Amino acid sequence: MRVFQEWILTPWRLAIHEPTRTAVVADMHLGYDLARRQAGEAVPNIDWDGYLAPLHAAVSTHDIESLVIAGDLFEKAFDPELWRHLRKRLSGMGFSIVAIVPGNHDRGLCEQKKLPIYPDGFMLAKWTILHGHGASQADKTVLGHWHPCVLRRGRKTPCYLVGPRRLVLPAYSHDAAGVNIWRHPEWRGMRCCAIVDGVVIDAGFVPGKSAGTHATNKKSRPWEGRLQRS
Amino acid sequence: MASDATLTFPGPCPSPERALLTLGDPYAAWFRETIGVPTAAQCQAWPSLHRGENLLVAAPTASGKTLAAFLPIIKKLTGMTKADGVAGAESSKPRTLGLTEPRPLGSSPLPRFLTGAALTALPGLRTASAPATRLACLYITPLKALSRDAAKNLRRHLQELRRFDPRLRTIRVGLRTGDSSAKARRLHLERPPHILLTTPESLAIMLSQSRWCDVFRNLRWVVVDEVHALIGNKRGADLALSLERLETLVAERHPSRALQRIGLSGTCVPLDIAARFLVGVGRRCTIAHQADRAPMELIVEHLPAERGDSARPAGFMARLIERLTPELARNRTTLIFTNIRSIAERLTWVLRRRFPSWTEQIAVHHSSLAVERRRRVERRLKKGKLRVVVTSTSLELGIDIGSVDSVVFVHPPGGVARTIQRLGRSGHKPGQPRRGLFLTAGIAELLEATVTAASGSAGQLEPLKVVDEPHDVLCQHLVGMAMTGWRSRSETLNIIRRAFPYRKLNEADFEHCLAYLSGKKSNGADWLPSRLQWRGNEFAIINQWTASLLRRNFGSIINEEPRAIRLLIPASDNNTEPRSLPVGTVEEAYADRLRPGDRFVLDGRCFQFRRHEDGALLVEEVAGSPIVPHWTTGGWHLAPELARRLFVFRCQAAEALRDGLQAFADFLRLEYGLEDAGIAELTRLFLMQETISEIPALDCLLIESIDNDARQEVYFHTPLSRAANDAMARVLAWRLYRERGLEGPAVVADLGFMLSLPTCQPLTPDAWRGLLAAERFADDLSEAVSESPSLRDRFARVAMTGLMVLRQPWGGRRKVGGRDWVQRRLFEQVRHHEPDFVLLRQAEREVHREVCDAPAALSFLEALPSMEVRFRSLSEVSPFAAAWTQPAQISAELAETPGNVLERLHHQLVG
């Protein structure tokens, strides 16, 4: 799906800026499995092939040269070993990492002087790529951080949010659960583009105003009943 | 393998005097003076316990089971010698426990990070730390509240008995549950009580600690309260394994001694299952059974929507309140069971508004209320300060709640055993009549309540089923055993196989569990972090960090992840800080949808959501009309036996109807005690079913098909419960899709199910027969559920019980994954890496046996070739289908095409 004329929203949970042939991913949360193991859980190690399959699919079907990582590259903190492996695999695929915007999970990333770190955001044409966990005065922004999702039968489906001069990316990592977009008033009025069965569909605008009482609950949340039934 | 348990039923019940003689004075004297005449259960139990036999006491509520078990134990405790370390032996001089007291040798804290190799030194340490007194009796109850209540009662009895036997002054009673403070736990270890009351979960934790194992080596008695409540679930399997581990510990120190096991159970059938479960494999057990003869009064009243009578209230809730008004007025205390929490909340809210003067005397009790609130309700109920208590199911089992005059069932409970259990909460005194009133909403409920009441009066309880070797619980125990030293493979397998639920455990499954805990795939490759280390054929826990972490995560009770609701208490004038008090919990999915300002009901009060703070939802109490929270529930479906009885009842009623309306009415009135309103409703239902379709007979499968515009709805009438119909519907839907390319959602209910299919050439009865073949049923069911949310959800639970993922991981939860990470991600990873993984197979087994009742569905299908398949094409839904199948919610997880999903999602968002 194409938005703002220059962006392609892919079903692989990354957006492509066509004029610059740059893919933007957010929230890769590398090392999630490791974090759970360190917490004492017996879960399998990362399956690199599966983890990188969406990036591989994107690069095989689109003309992409560069990659921008919009924050939360790591689950806990910068891990040199994971980074080395990721960089090797990505360059094998033909990606060159042009920018990493640190996210709130990326402890210690800013200290890595040899990496293309952009703590205040990275300018891609007229767009500012940010992670999205802090305030910003930028005009046209691409954000990660929120892991936007729509609720479907109690389960979450990742989606892009497209608003006036703003694009919110879903989390790249399948491990990230996602945040129900209804809960956050700031997404109201934005267009929701959900990824359903390998297709990005325009699912309409995030509706509604805040509800105060029982009397207005149903009126202002027309989708509530349908969600309950579905 | 050792032979199964030998069961003995005692001969004629000894006379009360003879029974008291076995107790001897001063206990007999105390009993005569304070209690009076022993009950039949006590008369049977005391001689048997005196002889040292394992015993199951099965008797109705309030037949003195606790004293039946305890008096002989107390008597023997006081008679023990100093070498036994109990009672009279211990100096009556009060001991002071404090920092100045010299610590017993070997009780100094072990190094925090003990390696497995160092564990070998533990036996030497353990023997040196013999406790000052010896724990002789463990009392295990299924509920914390019950343990607390039992401890209180026991202490009271001991207090009274001390007047008669001063030696009892030194007998101490301890309580160890999940609520016990760290200090209390430490004191229990330093100076064990003679009698310790606990729960299965706390027992498993204690058994994983070497110092506690040492304390347990001197045990003589284990009392298991409410055995019947534990048998059918994983907690029972957990307990059975713990009991065998206790037995082994005792035998290690006293080779000639066996634990005396005493089980206390309410009315249950079959008793031999309960007894075998209690004593394990190869041991003897005596069964003392006191039949339930207390008078029972079960009334069924239908609250139908009045046709064309606008003066009467229309909604069920309004009719319910109208009917409850005289009922509540005539009783001092009424207990109302609603089956689910949201109805309990709603009813409490409405009752409080209807009877404002009773607001303080109307309470609600369910598992999503804060413990403090529940305890308060229980206390007030016991003191007789409450007029009405509305509960979902949480007061079904548990503490003595005093004098309840009447039990009201809003919607029938789905089983006879449950009905009797709930009814036992009224007239909680020997000989008092128990009064139960069923209030039913729909015609299906009316029939169900009628058959339940008749079965209850006839004492036709559903048979107990022992949970079948859950491997996740086994993994927990293997880890627990590994925490106290090196374990040999073969000896461990022998111990486990002595537990009744694991009597048939095969070696391969046992090895699969060990392989998982060692981080290996079935082919020996590494894939997970290991919990165990190996030394030849022996295993032990890999390190002490893992031990202490996993111990915190023991237990098989999995709750939906709740979000705490806390009530904001504003700061008062004198400069106090604003604070908040716990009220209860709501599910995370529900909390997700709440926005500041939303109002909802909890604890029968209206709260307004203000803000999130530290993971809790802060609320204020306000006036106004709230919405009722939603809690996920397994529903309350018919027990399989009751489903069949209900089907048979319909057949019998149909036969009576063929003899005329009068015969039909007489059948309902005389055999089932139905009143005129109910008879009129049923007459209408049966006549309409006969006119539109037919009443399904026992030896036939009735299939009804209704063609709509683009789809056909096919209804199947079976004598099966919902779970068995679920299995049939999944397999049938799967075969229709695979063989004919037809797909559509299914509605699964008790006594039938419905498939909604695209319109096609109607299938003949023979075609349906072919699709309903019993061959390859289990395989097709496995394929049908392989992608289902049911399997994923089960896997998440099993992974938690099997300690693959943890309720309380080190450093707290990883929030990024969310609450469904295991269902979503880990499930896929496990299927990819190790399709034969032991915990995945356990989840599949649970889906086959619990979510779906595959065995029942299969036996129905195996009988199908000798049955008639009758197919009817109808223009409208038959009354039976409308009464049973239609109201069931659509089980949307069955076959949904991507096109459907896309379309529905789009509609959800744009309206």
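## Domains of chain B

Chain B splits into domain 1 (296–457), domain 2 (585–629), domain 3 (640–692) and domain 4 (696–911), with bounds taken from an automatic or database domain assignment. This is a predicted model, where local features need pLDDT of at least 70 and side-chain atom pairs count only at pLDDT 80 or more, while totals for chains, interfaces and linings use all residues. Residues are numbered from 1 along each chain as its sequence is written, and chains are lettered from A and ligands numbered from 1 in the order in which they are written.

## Where domains 1 and 2 meet

Taken over C-alpha atoms, the centres of domain 1 and domain 2 of chain B are 25 Å apart. Here 11 residues of domain 1 of chain B are in contact with eight residues of domain 2 of chain B (contact: C-beta atoms, placed from the backbone, within 7 Å).

On the domain 1 side, helix H15 (341–354) and strand S11 (362–365) of chain B each give two or more residues; helices (H or I, at least four residues) and strands (E, at least two) are DSSP runs, numbered from the N terminus. H15(B) brings the largest share, six residues.

## The nonpolar cores

What's a nonpolar core? It's a set of buried Ala, Val, Leu, Ile, Met, Phe, Trp, Tyr and Cys residues joined through C-beta atoms within 7 Å. Buried means that 20 or more other C-beta atoms lie within 10 Å of a residue's own. The largest core here has 303 residues, and Ala70(A), Ile129(A), Val57(B) and Ala274(B) have the most contacts inside it. Helix H27 (residues 722–740) of chain B supplies the largest share of this core, 10 residues.

Another core, of 13 residues, lies apart from that one and includes Ile565(B) and Val601(B).

Conventions
Buried ≥ 20, exposed ≤ 12 C-beta atoms within 10 Å, placed from the backbone. Contact = placed C-beta atoms within 7 Å.
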